[in-house]
Amino acid sequence: MDLSPIPDPTLAELIALRPHLSRDALAGLMLDDVPLGAIADAVGTPVWVYAADTMRARYRALAGALKNLARVHYAVKANDHLAVLALFAAEGAGADVVSLGELRRVRRAGIDTRDVVFSGVGKTPDELRAALAEGVGQINVESAEELEMIAALARAMGKRAPVALRVNPDIDAGTHPKITTGRRENKFGIPAAAIPALYAHASQLAGIETLGLAVHIGSQITSAQPFRAAFAEIAALVGALRAAGQVVRRVDCGGGLGIAYRHEAALSPEAFAGALRASLDGLDLELIVEPGRWLVGPAGVLLASVVLVKHAAPYPFVVLDAAMNDLLRPALYDAWHGIVPLADAARAAAPHAIVGPVCESSDAFAAARTLPPLAPGGRVAILDVGAYGAVMSSTYNARPLAAEVMVAGGGFTVIRPRQEIADLWRGETVPEFIANRPACGGAVI
Ligand code: LLP
C-alpha cells in the first residue's frame with residue numbers, strides 16, 4: 001500500500017525525465033525514436049522492449065566517469081539476454097556472474113572468462129570446478145566454509161583459485177529490506193572483524209591465490225553515503241591487511257547504483273566515482289565495480305494491452321494482458337513503475353487500479369494510478385523494466401514468456417519470440433503408471 005504523501009509524477013514528467021522516451025503527436029510514445037505502438041502491432045503484447053543506444057550510452061557514461069579508476073563488470077543477473085551481454089561485451093565490459101548458467105551466457109556473448117567475477121553464497125562444487133577449468137578471473141568467497149571448499153577443489157585440479165574475500169560491512173544501504181545485502185543479518189559476506197585472520201589463512205592455502213577484497217551492500221541505492229561508509233571500511237581493512245604483511249591487489253566494489261523510478265534522484269556516475277575516490281583511489285589497487293540495474297533498468301519498457309476495465313469502487317480495475325509472472329517487482333517489493341499510455345494522453349485523468357489477470361491479489365502494478373481513461377485494446381508502457389524484468393519472469397498460470405524486442409537505429413528486431421504454448425510442457429512426461437490407468441469414466445488418456 002502506497003502511503004507516500006508526494007503526488008506521483010505526471011505522465012509528462014515521466015517522459016521529460018527520460019531522454020530515451022518521447023511522444024509524437026501521431027505515432028504516440030516512442031523509445032529511442034521508435035514508435036512503441038508499431039512494435040505492439042507487429043509483435044503483440046505483452047512484449048519487453050530494450051533500447052540498445054540507451055544501454056550503450058549509459059555504459060559509456062558510467063565507464064567514462066570511472067575511467068582510470070575502476071573497471072566495469074556488468075552484473076548479468078539484471079538482464080541476461082545474449083543481445084544485452086553482447087552489447088556490453090563490444091563496449092569492453094567484464095561480467096559478474098552468479099551461476100554456471102550465467103557463466104555460459106557471458107562466454108556465449110563473447111566475454112573473456114578472465115574478465116568474469118563469480119559471486120554468490122552457494123556456488124556448487126560443479127559450478128566451482130567449471131569456473132576453475134574455464135579460467136574465471138576472480139571468485140568471490142562468501143564464507144570460511146566456502147574458502148575451504150574452493151581450496152580443496154582447486155588443489156584436486158592442480159590449480160590455484162584467484163579469490164577475493166567478500167566483506168559484510170554491516171552497513172544499512174537504506175534500500176528495500178529484500179534487496180539489502182550488507183547487514184550483519186544478511187547471508188552475504190564475511191564479518192569485517194573476521195577478515196584479517198581468514199585472509200592470512202587463505203594466503204597460506206595451496207589451492208588459493210588471494211587477490212583482495214569484495215563488497216556489495218545492496219541494490220537500488222540512491223545516496224552516495226552508504227557507498228562512502230562501505231568503501232571507507234574496505235580501505236581500512238586493506239590498510240590493516242597490508243600492515244600485517246598481506247598482499248592486496250584488487251578491490252571489487254560491487255554494484256547497487258540506484259535509478260529514478262518515481263521521486264528518487266538516481267545516483268549519478270560522478271557521485272559514485274566520488275565515493276570510490278574518497279577512500280580507495282591512490283592505494284595502488286585495481287578497482288572493479290559490478291553494476292546491473294543502473295546500466296539497463298531505464299532502457300527497457302514492458303508493453304501491455306488493456307483486456308477490460310472492470311468498474312469498481314474506489315477505482316476501476318484496468319486489467320492488462322501483462323501480469324506478475326512477467327514483471328514481478330511490484331508484487332515482490334511493492335515497487336513503483338511509471339505506467340504511460342502509448343496513445344496521446346491529453347484527456348482528463350482519474351485514479352485506476354492497474355492489475356494483471358493472474359489469480360492472486362498481489363498481481364497488481366498499481367493500486368491507485370492517475371491515468372486518462374483506458375479502454376479495451378488500449379496500450380500502456382510500464383517503464384524502467386530493463387533490469388530485473390524479463391529475467392525474473394515465470395510461466396505461472398501457464399502464461400508463456402513474453403517476447404523481447406530491441407530497438408536501434410530507428411528500427412526494431414525481435415530478439416526472442418513469444419514462447420509457444422506447446423513449449424510450456426516441453427520436457428514434461430506423463431509416466432506409464434498414470435498414462436495407462438483408466439480414468440474414472442473408463443477413458444484412457
Ligand atoms: N553484485 C552483487 C554481488 C549482487 O548481488 C548484485 C545484485 C549486483 C552486483 C548488482 O546490483 P545492481 O547494480 O543491479 O543493483 N531483484 C531485485 C534486485 C536484486 C539485486 C541482487 N543483487 C530488484 O528487482 O530490485
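In this predicted model, a pocket is an open set of grid points with protein on both sides within 12 Å along at least five of seven lines.

Q: Which pocket does the space taken by the ligand form?
A: A molecule sits in a pocket if more than half of its atoms lie within 2 Å of the grid points of that pocket. The space taken by the ligand is the second largest pocket.

Q: How many residues surround the ligand?
A: The closest residues are S219, E290, R329, Y333 and Y388. By class, the shell has six nonpolar, six polar and six charged residues. The number of residues surrounding the ligand is 18.

Q: How far does a polar side-chain atom of E290 lie from a nitrogen atom of the ligand?
A: A pair of N or O atoms counts as a polar contact within 3.5 Å. For Y388, a polar side-chain atom is 2.6 Å from an oxygen atom of the ligand. For E290, the distance from a polar side-chain atom to a ligand nitrogen atom is 2.5 Å.

Q: What percentage of the area that the ligand exposes when taken alone does the protein bury?
A: A backbone N or O atom of G256 lies 2.8 Å from an oxygen atom of the ligand. Taken alone, the ligand exposes 590 Å². Of that area, the protein buries 92%.

Q: Why does the ligand lie between domain 1 and domain 2?
A: The chain is assigned domain 1 (11-49 + 297-424) and domain 2 (51-293). The ligand lies between them because the shell around it receives residues from both domain 1 and domain 2.

Note on methods. Residues numbered from 1 in each chain as written. Predicted model: local features only at pLDDT ≥ 70, side-chain atom pairs only at ≥ 80, totals over all residues. Heavy atoms only, no water. Near = heavy atom within 4 Å. Polar contact = N/O pair within 3.5 Å; in protein donor to acceptor, adjacent residues only side chain to side chain. Areas by Shrake-Rupley, 256 points an atom, 1.4 Å probe, with all protein chains shown as cover. 1 Å grid on protein atoms, 1.4 Å probe; cavity = no way out; pocket = protein on both sides within 12 Å on 5 of 7 lines; lining within 4 Å. Nonpolar A, V, L, I, M, F, W, Y, C, P; charged D, E, K, R; others polar. Domains from an automatic or database assignment.
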